[in-house]
Amino acid sequence: MKHWCPSSILSRSGHGDDFCLIVLNQPITRLKLFMRLWKNASYKFVADGGANRLYDAFEHDPVLLQQGDLDSIRTEVESYYQSKGVTITRVSEQDSTDFMKCVYLLQEKEKEDKRKYDIVALPALSGRFDQTMANINLLYMMKDEIERKFSLISDENITLLLDEGEHQIHCQPELEGPTCGIMPIGSPATLTTHGLKWDMDHLRCYFGGMVSTSNAVDSDTVSIMTDAPVIWTIEIKTD
C-alpha cells in the first residue's frame, strides 16, 4: 500500500516532504497559494516562459534556477534575472517539453545531493489543452519513479497519478476537499474505494462509460484499489 498526503506541500508551518517546485508558463493568479509553495520548496525551477509569469507576478526573489530553450522568455525578463545572479541553463533540443527539461536538471542536482525530491508543478492544468495533456502525460512517464511523488497544481486542484495497486490518501480538510475525482486516462480501470461520498465496489471505469467526477471525500482517509493507473484530483481550499 502506498500512502499519500497531497496537501502536505501546502503546510502553513513549512513542515512537509522536501520537494522541487517547477513554475510553468501560465499566469500565476493565486498569489498566497504560490508563495506558500515557494516558501516550502527545497528547490525552485522556472521553465522558460514561466520566468515571464514569475516576473509579472512578483519581480522579486532571485533564489531560483531556470531551464529551457529560452524561446519564450522576454528579453527584459532574462536581463532582470541575470542581473540578480540567477543561473540560466540553456537547452536547445526540441524533443522534450520545458517541463521535462526542468526534471532533467533536477535529476542532475539529485546526483549531487545523493537523494530524491518530490516534484510539484504549477500552474499545470490551465491554458492550452494540449499543454495540459502533456503535463498529465508526464505523470504517466514518471510513474515508475516510485521513490518520489509527483503533483500538478492549478488554482483549484491538486492532481496526481495513482499506479495500479492499493493507495491510502490522508486528507487535511482545512487545506483540501471535499470535491474530488478519480479518472482513468489511457486505459480502463476497475476501482474499489472507501471514504468517498459515492464509493465504488469493483466498478469498471473508462472514458465513454463511467468515470468518478464531482465525487467528495467523506473521511480524512480515502482508500483506493485500482488495477490500472488513474488520476486522483482534489480541490484546494481558498485562502
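Buried means under 20% relative accessible area, exposed over 50% and partly exposed in between, judged with a 1.4 Å probe and protein chains only. The model is predicted, with local features needing pLDDT of at least 70 and side-chain atom pairs pLDDT 80 or more, while totals for chains, interfaces and linings use all residues. Residues are numbered from 1 along each chain as its sequence is written, and side-chain values use heavy atoms, leaving out hydrogens and water.

**View 1. The whole chain, as a starting point.** The protein chain has five helices and 15 strands; these are DSSP runs numbered from the N terminus, with helices (H or I) of at least four residues and strands (E) of at least two. Of its 239 residues, 51% count as buried. A contact here is a pair of heavy atoms within 4.5 Å. Among contacts between residues at least 6 apart in sequence, 67% join residues at least 24 apart.

View 2. Rings of Phe, Tyr and Trp (its six-membered ring) pair if their centres lie within 6.5 Å; planes under 30 degrees apart are stacked, over 60 edge-to-face and the rest tilted. The structure holds four aromatic pairs. Tyr117 is buried, at a relative accessible area of 8%. Tyr43, Phe45 and Tyr117 form one aromatic cluster.

**View 3. Phe99 and Phe150 make a tilted pair.** Their ring centres are 5.8 Å apart, and the pair is tilted because the planes stand at 55 degrees. Here too, distant parts of the chain are linked: Phe99 is in helix 4 and Phe150 in strand 7 (residues 150–153), 51 residues apart. Is Phe99 buried or exposed? Phe99 counts as buried because its relative accessibility is 4%. Phe150 counts as buried as well, at 7%.

**View 4. Two charged ends sit over rings.** A charge sits over a ring if NZ of Lys or CZ of Arg is within 6 Å of the ring centre and within 35 degrees of the ring normal. Look for the charged end of Arg115 over the ring of Tyr117, 4.4 Å from its centre. The charged end of Lys149 sits over the ring of Trp4, 5.5 Å from its centre.

**View 5. Helix 5 and what covers it.** Helix 5 (residues 129–141) has 13 residues and reaches 18 Å from its first C-alpha to its last. That is close to the 18 Å expected at 1.5 Å a residue, the expected span being 1.5 Å times one less than the number of residues. Which residues of helix 5 are buried? They are Thr132, Asn135, Ile136, Leu138, Leu139 and Tyr140. Their cover includes helix 4, strand 7, strand 8 (157–162) and strand 15.

**View 6. Asp155 in its loop.** Asp155 is found between strand 7 and strand 8, and is partly exposed, with a relative accessible area of 30%. Not counting residues up to four places away in sequence, Asp155 touches Thr29 and Arg30. The side chains of Asp155 and Thr29 make a polar contact (2.4 Å), meaning a pair of N or O atoms within 3.5 Å; within protein, one must be able to donate a hydrogen and the other to accept it, and residues adjacent in sequence count only if both atoms are side-chain atoms.
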